[in-house]
Amino acid sequence: MSEKQRVDDTSSPSLEEGAGIEHDAAAPVGYHDHDVFGREEDHQIRYKTLSWPLVAVLMIAEIVSNGMLSLPSSLAVVGLVPGLILIVFLGSFALFTSWLLIKFKLRHPEVHNMGDAGYILMGPFGRELLSFGTVVFAVFATGGQILAGQIALGVLSSNKLCLMLYTGIFAIPTLLFALPRTLDQMSWLSVPSVLCIMVAGVVGMVGAGLNPVDGWQDQFSVVVKTDFVTAFISITNPVFAYAGHFMFFILISEMKRPNDGMKAAYTLQIFATTFYAVFAAVTYIYLGPTVSSPSFSSLPTKWSKAAYGIAIPNFLIAGSLYSHTAAKLVFVRFFRKSEHLHEHTVLGWSVWIFLIVLMNGAAFVLAIGVPIFNYLIGIAASLFASWYTYGIAGAFWLYDSWVYKGGLEGWKRRWAMCGISWLTLVAGAFICVAGMYVTVKQIVDAYASGVVSKPFSCG
């Protein structure tokens, strides 16, 4: 099928303001005739089964994870007040871009992932670029969770085994939990995952409060002077702690009531912003400017083991969700509009299992075989998460307003939203470029100082 035919077959319903959108209904009129999964009543595998509370749980499980453990160290760099302002601002900004993404999805039901959105914006090149970015970032994020699991297992066992063994031990259940074909099946695994990261965070705060760093409060300052590179490294931590928007289209595509997508987004961002701010502030106030990243590693041994042990299910499920997302994008790309998407066929299941193994295998090899993998995660986040979480949302609004609201005149009539959308694009570009710069500088400094280990080493 040609690209032109594909677009004709998946054209959106009317996108005029308010046209076809019944806010009390499950979805806009015509939505289920155009979305990737279509009418599922007679299918063996039904994807569109998620309620908004379960979508909220999935969003929290994949976003509120090991990224939050770097936030106290960010406050140590810029100070308590600037750090908290940054966390709250970026959380509010992420809520705004969530609204833009979900609104775009409801107007374009055929969009299943960032690649589909890229096709609408930039044609075939946009599809390949944003699909590639989604898969790369998801695989790298999976590797990041595997490394978090490696650290947790190492702490629990007092590092009695080779670190590669811990990585392998953690990678196996990460792969197995990614195998379900639908996100509804994974959502129930995400409930204990969310509870675990909440309890682990509380344990970490209690441990910090009971074991404060002596003396540093005498030099406590709400603002810390620092240079640009160091400060921006601290800024990237909360930016990437909110980096989960690349999954939003896929999540909304599997909802029973897509119109409820913003309820899930509100739940996510209010919880994440509040939890991040409290966790970062409490941990920093008690552990001071020498707090590690991840912050659990700054706790006394018994508290560190308790916090890491409780957090392990969250690291595991978050990694599974990321690898599931990478596999799902490719699988739907292969089998869109075919029986293998909805039926229990040998080919369908064989390809699905192969993709899950491939994504998890790639994450595992990168995690243990690339000495600078932690820095590469930063590069991938700078290149893609900066756009998926922030910048590209502005392009979605500008596109719809230009195409369906009269081009330049439409922008002029909505000058405020137009200006905010352009600023959103600029913000994404700034985070991307500055994030790349500071990450590359970190890599250069790491090699210069000799802290980079050898590939496939136990250290």
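Mentor: Start with aspartate 116, which is buried because its relative accessible area is 7%, under the 20% cut-off. Bear in mind that we're looking at a predicted model. The side chain of aspartate 116 meets that of arginine 127 in a salt bridge, 3.9 Å from N to O. Arginine 127 counts as buried too, since its relative accessibility is 7%. As a rule, side chains of opposite charge can pair when their charged atoms come close.

Now go to glutamate 254 and lysine 328, whose side chains form a salt bridge at 2.5 Å, N to O. Look at where the partners sit: glutamate 254 is in the loop between helix H10 (248-253) and helix H11 (261-287), while lysine 328 belongs to helix H12 (residues 301-335), so this pair ties together parts that are 74 residues apart in sequence. Both glutamate 254 and lysine 328 are buried.

Then there's a local pair. Lysine 412 and glutamate 409 meet through their side chains in a salt bridge of 3.7 Å, N to O. Both are in helix H16 (residues 408-413), three residues apart, which is about one turn of the helix. Glutamate 409 is partly exposed, as its relative accessible area is 44%.

For contrast, have a look at a helix-helix contact. Helix H9 (residues 228-241) packs against helix H17 (residues 415-449) at an angle of about 115°, and the axes are 9 Å apart. The crossing of H9 past H17 is left-handed. On the H9 side you'll find Phe228, Val229, Phe232, Ile233, Thr236 and Val239, and the residues they meet in H17 include Phe430, Ile431, Tyr437 and Lys441. Sorted by type, the residues of this contact come out as 10 nonpolar, three polar and one charged.

One last stop is histidine 34, found in helix H2 (residues 31-34). Histidine 34 is partly exposed, given its relative accessible area of 22%. In sequence, histidine 34 and lysine 337 are 303 residues apart, yet their C-alpha atoms are 11 Å apart in space.

Notes
Residues are numbered from 1 along each chain as its sequence is written. This is a predicted model: local features need pLDDT of at least 70, side-chain atom pairs count only at pLDDT 80 or more; totals for chains, interfaces and linings use all residues. Side-chain values use heavy atoms; hydrogens and water are left out. Axes are lines fitted to C-alpha atoms, for helices over the stretch in contact, and angles run from 0 to 180 degrees between N-to-C directions. Helices (H or I, at least four residues) and strands (E, at least two) are DSSP runs, numbered from the N terminus. A crossing is left-handed if the near helix is turned anticlockwise from the far one by less than a right angle, and right-handed if clockwise. Contact means heavy atoms within 4.5 Å. Ala, Val, Leu, Ile, Met, Phe, Trp, Tyr, Cys and Pro count as nonpolar, Asp, Glu, Lys and Arg as charged, and the others, Gly among them, as polar. A salt bridge is a side-chain nitrogen of Lys or Arg within 4 Å of a carboxyl oxygen of Asp or Glu. Buried means under 20% relative accessible area, exposed over 50%, partly exposed in between (1.4 Å probe, protein chains only).
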